[in-house]
Amino acid sequence: MRHLKPVNRKARTIESLAAPVAAAGTAAVGGAGPSDVHDATDVVALQGTQGPRVPEGPHIPLGCSFVFAPGWEVDSTGSTAGLCQPVERDLYDCYVTCFWPIHVPDLYNHAPDWTAKCAAAQQDWRKIDLIFP
Amino acid sequence: MSRCWKFGFTAALLVVLTARAGAQGPPATTGGNGTIYYGTYDKKILVIDEASMNVRDSMRVSVGIPIGLTLSADRKKMYAIEPAFEFVEVFDLATRKATGQFSLSNDSVRVRITNFNVDPRDRFAVLLVKTAQRKSDRWEIGKPTLLKYDLTTKAVTDTIKWPNGEEREFAQIIFSPDGALMYFFTAEDILIYDSATLKQVDRWDLQRSVDDGLGTLNFGFPESLYEEPGFYTGLFRSTDLINRRTLMGVARVDLTKRAVEFYSLGPSEPVGFALAPGRQRGYGLRQQVGNYQFWTFDLQGRRVGQRVEFEGRPRMGLTVSTNGRVLYIHTAGPTIDMFDAQTLQKIRTVEYRADMTDVIVVP
């Protein structure tokens, strides 16, 4: 899958993290083209043993936006047992840190008062405001 | 006939009431007579009476959500820092009023305080800061810097040079009980500074104090309100290079005398440690999904006591009550679960109207 192009330095860095194994494989066969080495454009699972690299544990690229610990739908090991019980217990902690920034509002720039109407997410979740960017 | 009936009924009622009074069990276990300061996402610090677990009062935090609470050494003040780490608000605990706030940020530069250590005499604080300056197309982040900040004049008085010029993202700094000395922890040793002149006056090689052949001693110098000032009790971990295993044990360090008492407990396991009042026992939490355990540490007998599984949840915190009879399980959510420290059985769950950010139990 090759629908994404890096447009800034950080994105290029992330792309280069995923590239080295494929590039090494190509170099090992003298640049003659991969035969039994996977194409660098292959989709690589973030977990498991598929693909050209076999990371230990989930492959987490650089950057705060990719932090999955604890997760929202699944935890860092791919299951649900490690999620906060219930998940609302962790809602505000994710808000003040950089976990799951797409799912919770941005405390520092756009939604500093998100918790104003509802200080206990587990109890008053109906009062939690939806924030639209 | 009716009089007899009334007399008999009254007598029977008295008997029943007396029996019920006598059959009532002992009063419910309470945690002591301390005070629990509970930071909330509601921009308040709840003041909770430990005996009843009821909210006695609250302190409004004007700088924002009190993401971190720090108690002064004399236990008379509390410092609350907000999530952007720019503003710190100071509270007087006797009056429960805010007495002021400070920040190093200005319109063009944001200064984030990532570490905050207050002198035991409340004269100054050592801050680890990083600047963030917004440019037209980016943020420029400064290097981590150690500053000495005068709490009375609210001004930076000194910049503290990094040991050997090596900058760090984190810095652990502890003061001696009288505030005269400052201990700066590096990977190799502990550097001792004069807190007035900020000059290094000595160094302490902790490894050599323990045993050359023990392997690297990893000890975090955990602070506890149940310990004497200048003393630190907690778990240490040490890697045995010969047998290729990591051991854990309990250490008690006298920082000013540079003395270490320690003993091993066994193979290292992922468990925390919380000291109980009286320093005879400690408690720990093993937090593994599907395998949550309470551990008890018999500090007098120098051994692990019980290891009891219980129905836990991810992201728990443990604090021992001020009378040592109750264990508080908190963090992540609006509840404090109370467990009996002897039986490790749940007593009850107390629910508050706001999720917790930080908590301090003060005797």
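**View 1. The largest nonpolar core of this predicted model gathers 83 residues.** Within this core, the residues with the most contacts are B:Tyr38, B:Ala80 and B:Leu327. Strand S9 (residues 124-134) of chain B gives the core its largest share, six residues. A nonpolar core here is a set of buried Ala, Val, Leu, Ile, Met, Phe, Trp, Tyr and Cys residues joined through C-beta atoms within 7 Å. A residue counts as buried if 20 or more other C-beta atoms lie within 10 Å of its own, as exposed if 12 or fewer do, and as partly exposed in between, with C-beta atoms placed from the backbone. In soluble globular proteins, nonpolar side chains tend to be buried together.

A word on reading these legends: residues are numbered from 1 along each chain as its sequence is written, while chains are lettered from A and ligands numbered from 1 in the order in which they are written. As the model is predicted, local features need pLDDT of at least 70 and side-chain atom pairs count only at pLDDT 80 or more, whereas totals for chains, interfaces and linings use all residues.

**View 2. Here are the neighbours of B:Ala80.** Leaving out residues up to four places away in sequence, B:Ala80 touches B:Gly39, B:Ile45, B:Val61, B:Pro66, B:Leu69, B:Val88, B:Glu89 and B:Phe91. Two residues are in contact if their C-beta atoms, placed from the backbone, lie within 7 Å.

**View 3. Four strands of chain B make an open sheet in the order S4-S5-S6-S7.** The pairing in this sheet is antiparallel. At its edges are strand S4 (68-71) and strand S7 (97-103) of chain B, each pairing on one side only. On average, neighbouring strands of the sheet are turned by 25° against each other, direction ignored; the axes are lines fitted to C-alpha atoms, for helices over the stretch in contact, and angles run from 0 to 180 degrees between N-to-C directions. Strand S5 (residues 77-81) and strand S6 (residues 87-92) of chain B are joined by five bridges, and B:Met78 has B:Phe91 in S6(B) as its bridge partner. Strands are DSSP runs (E, at least two residues), as are helices (H or I, at least four), numbered from the N terminus; two strands pair if DSSP finds at least two bridges between them.

**View 4. Strands S19 and S20 of chain B form a hairpin with four residues between the strands.** Strand S19 (residues 245-254) runs antiparallel to S20(B), with eight bridges joining the two. Across this pair, B:Gly249 stands opposite B:Ser264. B:Arg258 takes a positive phi near 55° in the hairpin.

**View 5. Chain A meets chain B through 19 residues of its own and 18 residues of chain B.** Helix H3 (91-96) and helix H4 (121-124) of chain A each supply at least two residues of the side that touches chain B. That side of chain A divides into 11 nonpolar, five polar and three charged residues. Ala, Val, Leu, Ile, Met, Phe, Trp, Tyr, Cys and Pro count as nonpolar, Asp, Glu, Lys and Arg as charged, and the others, Gly among them, as polar. Chain A has four helices and zero strands.

**View 6. Residues 15-26 of chain B have pLDDT below 50.** Residues 15-26 have zero contacts in the model beyond near neighbours in sequence. Where pLDDT is low, the predicted coordinates should not be read in detail.

Conventions: pLDDT = per-residue confidence, 0-100.
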